[in-house]
Amino acid sequence: MLIDDKNWWRQAAVYQIYPRSFADANGDGLGDLQGVISRADYLKSLHIDAVWLSPFYPSALADGGYDVDDYRNVDPRIGTLEDFDEMVQVLHERGIRVIVDLVPNHTSNLHEWFQAALKAGPGSPERARYIFREGRGENGELPPTDWTSIFGGPSWTRVEDGQWYLHNFAPEQPDLNWKNPEVHEDFIKTLRFWLDRGADGFRVDVAHGLAKDLPEDAASLPSKAELDAMPVDGTHPLWDRDEVHEIYREWREVLNEYTPARTAVAEAWVETSRRPHYSSPDGLGQAFNFDLLDADFSAPEFRHLIAHNLELSDQTGSSSTWVFSNHDVVRHATRFGLPLLGSAEDIEHPDTWIKADQAKHFVLTDGAEPALDRELGLRRARAATLLELALPGSAYMYQGEELGLHEVVEISDDQRQDPTFFRSPGVEKGRDGCRVPLPWTAEGESFGFGQAAPHLPQPAWFAEVSVEKQDGKDGSTLSMYREALALRRELLTEDESLTWIDELCGEYSLAFERAGGWVTVMNFGDDPIALPAGKVLLSSGPLAQEGELPGATTVWLQR
Ligand code: NOJ
């Protein structure tokens with residue numbers, strides 16, 4: 001049984017499962033809930049506090065499951081509601097909580113509501129659950145605006161009777177109209193549905209997008225240029241509007257009906273100063289901070305971002321979150337092994353197979369030989385993770401990072417699934433490279449993922465990084481994660497303060513102390529630095545010389 005600890009989430013180690021790529025028990029090439037159950041002891045061996053499962057709902061997979069056909073069911077290819085119940089039970093028995101991914105900004109185009117909206121026609125209550133508008137031009141043949149969707153291509157798609165609907169993502173993901181009370185009621189029902197089945201919390205997809213202010217008359221809608229020029233300060237027509245928090249206040253009341261109060265974490269890509277609105281205790285309670293995920297491998301940048309985020313979470317009494325990898329970005333072992341590229345404009349290596357766009361998100365491009373230093377990338381990733389696990393707040397890890405996986409680039413265009421690839425079109429390789437099914441064994445069908453060809457191809461180098469190869473092996477990335485997470489449990493106290501050790505912080509190093517004399521020192525540079533006094537508890541890589549911390553390595557010490 002789980003201990004009823006209302007603060008469990010504050011410094012939790014959360015492991016993200018991308019269900020379709022974790023473990024395939026029924027041999028159809030797609031991971032499933034029985035697969036998760038079959039690996040429950042593995043999850044326990046990681047000493048994590050919770051798993052967050054990316055969507056497992058019925059879906060045509062236009063966007064990896066973030067196109068939901070039915071919010072209160074499980075995709076038959078992934079399992080059944082009974083499998084969900086069994087998974088919750090098996091994980092709870094092992095002290096692991098379960099976080100469900102909620103996708104409230106949009107349904108899929110196959111959701112019964114959208115199908116009903118198509119049938120019912122303009123002006124109907126069915127259409128009022130979505131954002132339908134008349135087009136411009138003589139016969140409404142032009143979209144209401146020239147906006148582009150996040151995945152590329154237009155934000156509007158025309159339906160048979162001539163109206164257009166808004167989709168900020170793929171056309172298969174029509175945006176819901178959150179001004180409609182029915183939408184509110186239905187999501188409350190969905191929250192209760194999963195909470196009553198034992199879910200411990202939610203990860204809320206596109207949490208900053210639900211509230212919109214879009215006049216009915218297409219002529220009054222701003223153009224793309226006007227929209228892009230508008231401040232995102234609570235008044236923007238599409239993003240981060242102040243009234244979105246009214247929705248989360250409603251949800252908080254529901255979450256608080258349970259004991260202990262259930263948790264929620266917002267996926268909100270907003271200005272950092274606006275993040276506390278999402279993490280406030282009368283709202284979702286916690287919000288993702290992607291700042292380290294976006295950061296260069298730089299000590300001053302890390303220090304600034306850590307300090308800033310600790311201040312931000314203090315503003316609402318929440319705790320911060322830290323993320324280096326998830327299902328949307330190039331894995332951090334790979335990012336940290338690439339030459340530093342500034343923006344798209346100043347790419348020095350036009351042939352590189354991964355480039356950074358202006359927002360510093362990495363996108364795959366076609367290219368010649370990768371300018372990737374795999375070994376350095378992994379060393380840095382391990383160092384970064386050990387630092388992350390010592391920070392106050394919760395650490396969100398993504399399946400496969402505990403194996404030190406690199407991004408998979410060996411995926412041919414005809415095997416790609418990500419809508420960003422199809423809508424760019426083909427310019428961005430998209431996010432498939434971090435979603436390739438996990439290697440459990442060094443040999444055998446799909447490296448132990450299942451009994452059939454996996455839905456995305458696995459590269460030959462997966463053998464060497466498989467769980468089987470790393471299990472129990474001194475110095476493997478898997479062993480480092482296990483040791484770090486086990487030790488973290490022992491070292492953590494309720495004291496969430498962090499004290500910088502200024503004399504050890506510089507251009508290439510960071511050091512801080514947590515309660516109880518737990519000291520973390522990270523060397524970002526290439527050359528060794530002197531280690532301070534203290535008993536070495538764990539390091540992210542070998543310590544060759546006594547009293548020295550090698551480059552790209554982090555150490556935990558006991559003062
Ligand atoms: C954020 C999710 O993490 C991403 O995978 C998805 O494509 C978009 N939201 C749209 O739901």
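Helix α12 (residues 374-388) lies across the strands β15, β16 (518-523), β18 and β20 (553-558), and it runs at about 35° to β20. Such angles run from 0 to 180 degrees between N-to-C directions, with axes fitted to C-alpha atoms, for helices over the stretch in contact, where contact means heavy atoms within 4.5 Å. Helices (H or I, at least four residues) and strands (E, at least two) are DSSP runs, numbered from the N terminus.

This is a predicted model, in which local features need pLDDT of at least 70 and side-chain atom pairs count only at pLDDT 80 or more, while totals for chains, interfaces and linings use all residues. Residues are numbered from 1 along each chain as its sequence is written, and side-chain values use heavy atoms, with hydrogens and water left out.

The open sheet has five strands in the order β14-β15-β16-β20-β18, with antiparallel pairing; two strands pair if DSSP finds at least two bridges between them. Its edge strands, each pairing on one side only, are these:

| Edge strand | Residues |
|---|---|
| β14 | 499-500 |
| β18 | 535-539 |

Strand β14 pairs with β15 (residues 509-514) in the antiparallel sense over two bridges, and tryptophan 500 has phenylalanine 512 in β15 as its bridge partner. Helix α10 (residues 299-316) packs on the sheet, where it touches β14 and β15, and its direction makes about 30° with that of β15.
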